[in-house]
Amino acid sequence: MEEALDTFELKHVSTTYSEDKEGNALTHFNCRGNAAGFGLVYDTAIFYDLKSNVNSGRLKRIGHAFARDGTYVLGQGDGRWERVPGEHAWKTEVVFELDGPRIKSVGELRLDTETHSGTNFSVDH
C-alpha cells in the first residue's frame, strides 16, 4: 500500500503552448505554491492533446521544490490526465523521479479555482 507523504496546493500562474516534434499541441500549466514536505514549489504540468474531443492523455510534470533550509530538488515525471466530465478540470497522476526518491503525485487541476492540488505518495519503500 502506498504511504501518503504530504499534500500540495499550487496556484495557476500562466499557460503557454508549444508543439512537439510530431506537431502535437502541448498545453503548459505553470503553477507555484507549497507541498507540505517539500516547501515552495514551482511546477509545470504539460498536457498532451488537451482537445475538446479527448477525455484523457499523456501528462508530464517538471518542477523544483525549495526547502527552508536552503536545499532544493528537481523533479520530473510522466503520467496521465483524465477530464472531469462537464467541468474545466482534469485529474492528474504522475510518478516523479526526484534527486533520489520517487513519488506518485495524484491531484486535480481546476480552472474555476485556478489551482492544482492533491496528495503525494511514496513509491519507494
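**Entry 1: the model.** I noted at the start that this is a predicted model.

**Entry 2: His116.** I looked up where His116 sits. It is in strand 8, which covers residues 115-122. Is His116 buried or exposed? I found a relative accessible area of 0% for His116, so it counts as buried, the cut-off being under 20%.

Next I checked the His116 side chain for a polar partner. Its side chain makes a polar contact of 2.9 Å with the side chain of Thr92. Then I listed what else His116 touches, leaving out residues up to four places away in sequence. Among them are Phe8, Glu9 and Leu10. Cys31, Asp43 and Arg61 are also on the list.

**Entry 3: aromatic pairs.** How many aromatic pairs does the structure hold? I found six. I followed up two of them.

I took Phe29 and Phe47 to begin with. Their rings pair edge-to-face, at 5.2 Å centre to centre and with 80° between the planes. Phe29 belongs to strand 2 (residues 25-35) and Phe47 to strand 3 (residues 39-48), so this pair ties together parts 18 residues apart in sequence. Phe29 is buried, at 5% relative accessible area. Phe47 is buried as well, at 0%.

Trp90 is buried, with a relative accessible area of 8%.

I then asked which residues make up the aromatic cluster. Phe29, Phe47 and Trp90 belong to one cluster together with Trp81.

**Entry 4: arginines over rings.** I looked for charges placed over ring faces. Arg58 lies over the face of Tyr48, and I noted 4.3 Å from the ring centre. Arg61 lies over the face of Phe8, at 5.3 Å from the ring centre.

Key: Residues are numbered from 1 along each chain as its sequence is written. This is a predicted model: local features need pLDDT of at least 70, side-chain atom pairs count only at pLDDT 80 or more; totals for chains, interfaces and linings use all residues. Side-chain values use heavy atoms; hydrogens and water are left out. Helices (H or I, at least four residues) and strands (E, at least two) are DSSP runs, numbered from the N terminus. Buried means under 20% relative accessible area, exposed over 50%, partly exposed in between (1.4 Å probe, protein chains only). A polar contact is a pair of N or O atoms within 3.5 Å; within protein, one must be able to donate a hydrogen and the other to accept it, and residues adjacent in sequence count only if both atoms are side-chain atoms. Contact means heavy atoms within 4.5 Å. Rings of Phe, Tyr and Trp (its six-membered ring) pair if their centres lie within 6.5 Å; planes under 30 degrees apart count as stacked, over 60 as edge-to-face and the rest as tilted. A charge sits over a ring if NZ of Lys or CZ of Arg is within 6 Å of the ring centre and within 35 degrees of the ring normal.
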